[in-house]
Amino acid sequence: MANQVYDVIVIGTGAGGGMAIKTLCEAGLKVCALNAGRRLNPEKDFRNHRMPWEMKFRGFGDPEKKAESVGFMDSEWVEGVWEHELTFTTAPGSVWFWPRCNAVGGKTNFWGRSSARFGDIDFRAASLDGVDVDWPLTYEEIAPYYSRTERMIGVSSSVQNRPSNPDGEYLPPFNFRCLDHILQKGAEKVGVPYLHDRISQLTENHEGYPQCHFCGACTTGCDTGSFFSTPWRFLPKAEATKNLELRTDALAKNVLVDENGKAKGVAYIDRKTKQDVEVYGKAVVVAASCIESTHIMLNSKSRQWPTGIANSSGQLGRNLCDHLYGESASGYLPQLLGQPPFPDGVGDNTIVWMPRWQNLKNPREEKFIRGYSVYPGGGCSEYPWYATQAEGFGSAYKREVKRRYPTPVSFTIQAPSLPQDTNFVDIDPIVKDVYGIPAVRIHFQWDENVLKMWEHSKQVCADVIRAAGGVYEDSGESPEIPGWSLHEVGTCRMGNDPKHFVTNRFGQTHDVSNLYVCDASVFLNPTDKTTTISIMAFTLRTCEHMIENFRTGVHKRA
Amino acid sequence: MAGQGFQRREILRIMSMAAVASHFPGFTTWCFAQAHPGSAGPQNIKPAKYTPLFFAAEEYPIVERLAEIIIPTDQTPGAREAGVAEFVDFMVAHDKDRKFPFRLGLGWLNAHSDHLFGKHFLQLTPEQQVSLLEPLAYKAKYRDGEEEGRQFFEKFKELTVMGFYSSEIGYKEIQNPALKFYAESPACPHTEDPEHKHLPAPKW
């Protein structure tokens, strides 16, 4: 096995890596997949309907470990799947929050499941408002890949006839809750959309997987595979072909090159034995998530690629963008005070969204360019978070907590930052991780445009609450820390000109024809939509391009 | 697995609960009084007397009393039945940032009680206890010189609320929908009244 050469080495097993592994294996290529962490056992590693009183710390987590937690998903319910060992740094003046799921399947195990398509309003945004550059492809070209991805994974939504968020092929939507009907009326009065989200969560049995049982604990892992994750949906299909070798605890260090500067394999560290290992392939797919893929490529220095592999443009690591998240408004709906509880939390709060409504008719009608979306949520959540804040004690207090249970509402903004010269990643000149790998360093600050969106959203969302007859209480003082959304993009942008872009329109690097990038780093900017389904649709297209290159002999089989 | 039924999951769930209970032989009310309906085992185990992990023998009854005042037993069970004092003790025992403030806070409470009534907190009548706590809990009743007490009460209430509403009794108190599974995406039953202006009178 030591000298075996595979057709393709895939680094990462998340949305991009998972789709790549499945597509390539089904095409008959021999694939070796590297994953930095272990394989999960859903029966043991997920929440699996355990109630808080069955948990040592009631699901709140060990207070002594709070300082090292990487966020709400790094919880007592799913332990040992988030990266705590590998260091990264931030430049002075920058902050970055970077939860990395190193388990097989990556963040698809716990993702938010919102699955809207990008549209021409996103791909052609630069032509419309004159800022930055267009994407090197049209909606018409990518639409069939979205359709195929939607059919594979199952997405629930409704047809909405808005070209700015194109309709896909959907299972029936989640039903509106009481709070949705009320807030929709408010949104109508304010003149903003309030619609079904596109959710990768099954409202019907689909492709052999059972429909959702609406337990509402999605971000602690699904025990029935009723929402898409690589381990549930793609790995079994890839493994059935017998073309896959999956190596776990394999931390990729760098891409290896031959004397012509082409990729010939990957060097990794076996985290169990701490040994350096090399694995060889005719082509390499980097799909380790935006920043980590870039980190690996920047660390892939050679005689031919002194500043990192496929970086002749100098653009590798540049253009880091993220979704600004934050609580634009919160309050409560007095109409529902004292009403019997309703299972509002069954979709883990991704039932509805307010897709971008700004700058649609005229790209310059607002004080900012482009646009943002908003996710409304609320109602009876599993834990009544407002109870700590509610004043007083005793029977009156106890009754008030019960009366308020169905009423809370809140709005979360999802707003795209724009590429800035000052937002990028590079290699820290000093710091190395425990394996001696030079650490990635992140430079990032919110830009003025995205902060204008944040201010704008506070006003609109407060208006929606009031117009719905609700009581507006509060808006987040500041947005969440950069990185919070887990939607970072842009560090290996795709484009036609090799001087300005890392990959071509197929995600194949301009410089190294057998090196492909299959994650959100190829996106030009975040748009107002989430990244996961687009990672999968773009990866499907990239892999079919690669398969064609194997068929026509551009890449030789192993 | 796709074919894994609820029955199997339910068995796993109960097994995991029993496993947790056995990790904490000290717990009585918290684990054993809250066995999932339908699980035969744990309910039959007789609770032993709880030995606090952190609080001293003279402190723990104050913890119990405070929890009970914050979430009392009235028409429905309260903090006492839900074993909240045990949870508070457990969490403080596992949190170096809480240990000192809680010990100090309980000391403040007794000293303040001595100052106002010439007796320790537990010797006061229930009405006197409430009258001591109200100025710590309601903005309109705040008094100068009680800042430390207000901070302690806020911290104590936070753990009490966490302990209660994460217990099965707390779930039942607010009729937490997470106690059930749903065969279909639950739908609002008032679609003829989208603004929800004509709902039945509040239930509570």
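**Figure 1. Pairing of strands S6 and S7 in chain A.** In the predicted model, Leu251(A) has Ile269(A) of S7(A) as its bridge partner. Strand S6 (residues 250-257) of chain A runs antiparallel to S7(A), the two being joined over seven bridges; strands count as paired if DSSP finds at least two bridges between them. Strands here are DSSP runs of E with at least two residues, and helices are runs of H or I with at least four residues, both numbered from the N terminus. Five residues separate S6(A) from S7(A) in a hairpin, and in its turn Gly261(A) adopts a positive phi of about 85°. This is a predicted model in which local features need pLDDT of at least 70 and side-chain atom pairs count only at pLDDT 80 or more, whereas totals for chains, interfaces and linings use all residues. Residues are numbered from 1 along each chain as its sequence is written, and chains are lettered from A and ligands numbered from 1 in the order in which they are written.

Figure 2. Strand S7 (residues 263-270) of chain A is largely enclosed by the rest of the structure, because six of its eight residues are buried (20 or more other C-beta atoms within 10 Å of the residue's own, with C-beta atoms placed from the backbone). S7(A) is also joined by six bridges to strand S8 (residues 275-286) of chain A, in the antiparallel sense. Across this pairing, Val266(A) stands opposite Val279(A) of S8(A). The hairpin formed by S7(A) and S8(A) has four residues between the strands, and Lys274(A) in the turn has a positive phi of about 65°.

**Figure 3. The open sheet S3-S14-S13 of chain A.** Three strands make up this open sheet of chain A, in the order S3-S14-S13 and with mixed pairing. Strand S3 (89-90) and strand S13 (424-432) of chain A are at the edges with a single partner strand each, so one side of each lacks a neighbour in the sheet. S3(A) runs parallel to strand S14 (residues 438-443) of chain A, with two bridges joining them; Thr90(A) stands opposite Ile442(A) in S14(A).

**Figure 4. The contact between chains A and B.** In this interface, 54 residues of chain B are in contact with 64 residues of chain A (C-beta atoms, placed from the backbone, within 7 Å). Among the elements giving two or more residues to the side of chain B that touches chain A are helix H3 (60-70) and helix H7 (147-165) of chain B. H1(B) gives the most to that side, with seven residues.

Terms used. Buried ≥ 20, exposed ≤ 12 C-beta atoms within 10 Å, placed from the backbone. Contact = placed C-beta atoms within 7 Å.
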